[in-house]
Amino acid sequence: MQEALTNVVNHAGRARAAIVLRYTPAAFELRVEDDGGGVPRQPAGPVTGTGGHGLLGLRERVALFGGSLDARPRPDGERGYVVHAVLPLGGGQ
């Protein structure tokens, strides 16, 4: 969450952010979504973390615990960005 919010501050410009934390029996989910305009639009698909080490490092840390991370511009042409992480409960790899 800290890395995603740092990215909002550094890249989204004047923006609001929403944080959703969800526990299920199988996983912990974290979603940070902003409505800023600081990230240029790219074709559909996940952002690979190029241009900086923040998202790449975050992706590596989440994978270390068997989780997944999706970071991309908001869908349907909305302004902003979404970072969504899922970490399985019960141990990593």
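Does Glu29 count as buried or exposed, and at what relative accessibility? In this predicted model, Glu29 has a relative accessibility of 17% and therefore counts as buried, the cut-off for burial being under 20%. The residue is found in strand S2, which spans residues 27–34.

Two side-chain partners of Glu29 were identified. The side chain of Glu29 meets that of Arg22 in a salt bridge, with an N to O distance of 3.9 Å. Arg22 is partly exposed, its relative accessible area being 44%, whereas Glu29 is buried. A polar contact of 3.0 Å also joins the side chain of Glu29 to the side chain of His84.

A search of the whole structure finds six salt bridges. In general terms, side chains of opposite charge can pair when their charged atoms come close. Another of these pairs involves Glu33 and Arg74, whose closest N and O atoms are 3.0 Å apart. Glu33 counts as partly exposed at 21% relative accessibility, while Arg74, with a relative accessible area of 16%, is buried. The two values fall on either side of the 20% limit, which is why the two residues are classed in this way.

A further salt bridge connects Arg72 with Asp70, and here the closest N and O atoms are 2.9 Å apart. Arg72 is partly exposed, at 28% relative accessibility, and Asp70 is likewise partly exposed, with a relative accessible area of 28%. Elsewhere, salt bridges that share partners join Arg31, Glu33, Arg74 and Glu78 into one network.

The nonpolar interior was examined next. In soluble globular proteins, nonpolar side chains tend to be buried together. The largest nonpolar core of the model has twelve residues, among them Ala4, Phe28, Leu30, Val32, Leu55 and Leu58. Val62, Leu69, Ala71, Tyr81, Val83 and Ala85 also belong to this core. At least two residues of the core are supplied by each of S2, H2, strand S3 (68–73) and S4.

The second largest pocket has a volume of about 190 Å³. Its lining consists of 13 residues, of which Met1, Leu30, Leu58, Val62 and Ala85 are the closest to the pocket centre. Leu30, Leu58, Val62 and Ala85 are also listed among the residues of the largest nonpolar core. Helix H1 (2–11), strand S2 (27–34), helix H2 (54–64) and strand S4 (81–88) each contribute at least two lining residues. By residue class, the lining divides into eleven nonpolar and two charged residues, with no polar ones.

Strand S1, which covers residues 17–23, contains Ile19. This residue is partly exposed, with a relative accessible area of 40%. Ile19 and Asp34 are separated by 15 residues in sequence, and their C-alpha atoms lie 9.0 Å apart in space.

Note on methods:
Residues are numbered from 1 along each chain as its sequence is written. This is a predicted model: local features need pLDDT of at least 70, side-chain atom pairs count only at pLDDT 80 or more; totals for chains, interfaces and linings use all residues. Side-chain values use heavy atoms; hydrogens and water are left out. On a 1 Å grid over the protein atoms alone, a cavity is a set of points where a 1.4 Å probe fits but cannot get out, and a pocket is an open set with protein on both sides within 12 Å along at least five of seven lines; lining residues have an atom within 4 Å of a point. Grid points are joined across faces, edges and corners, and a volume is the space filled by probe spheres set on the points. Helices (H or I, at least four residues) and strands (E, at least two) are DSSP runs, numbered from the N terminus. Ala, Val, Leu, Ile, Met, Phe, Trp, Tyr, Cys and Pro count as nonpolar, Asp, Glu, Lys and Arg as charged, and the others, Gly among them, as polar. A nonpolar core is a set of buried Ala, Val, Leu, Ile, Met, Phe, Trp, Tyr and Cys residues joined through side-chain atoms within 4.5 Å. Buried means under 20% relative accessible area, exposed over 50%, partly exposed in between (1.4 Å probe, protein chains only). A salt bridge is a side-chain nitrogen of Lys or Arg within 4 Å of a carboxyl oxygen of Asp or Glu. A polar contact is a pair of N or O atoms within 3.5 Å; within protein, one must be able to donate a hydrogen and the other to accept it, and residues adjacent in sequence count only if both atoms are side-chain atoms.
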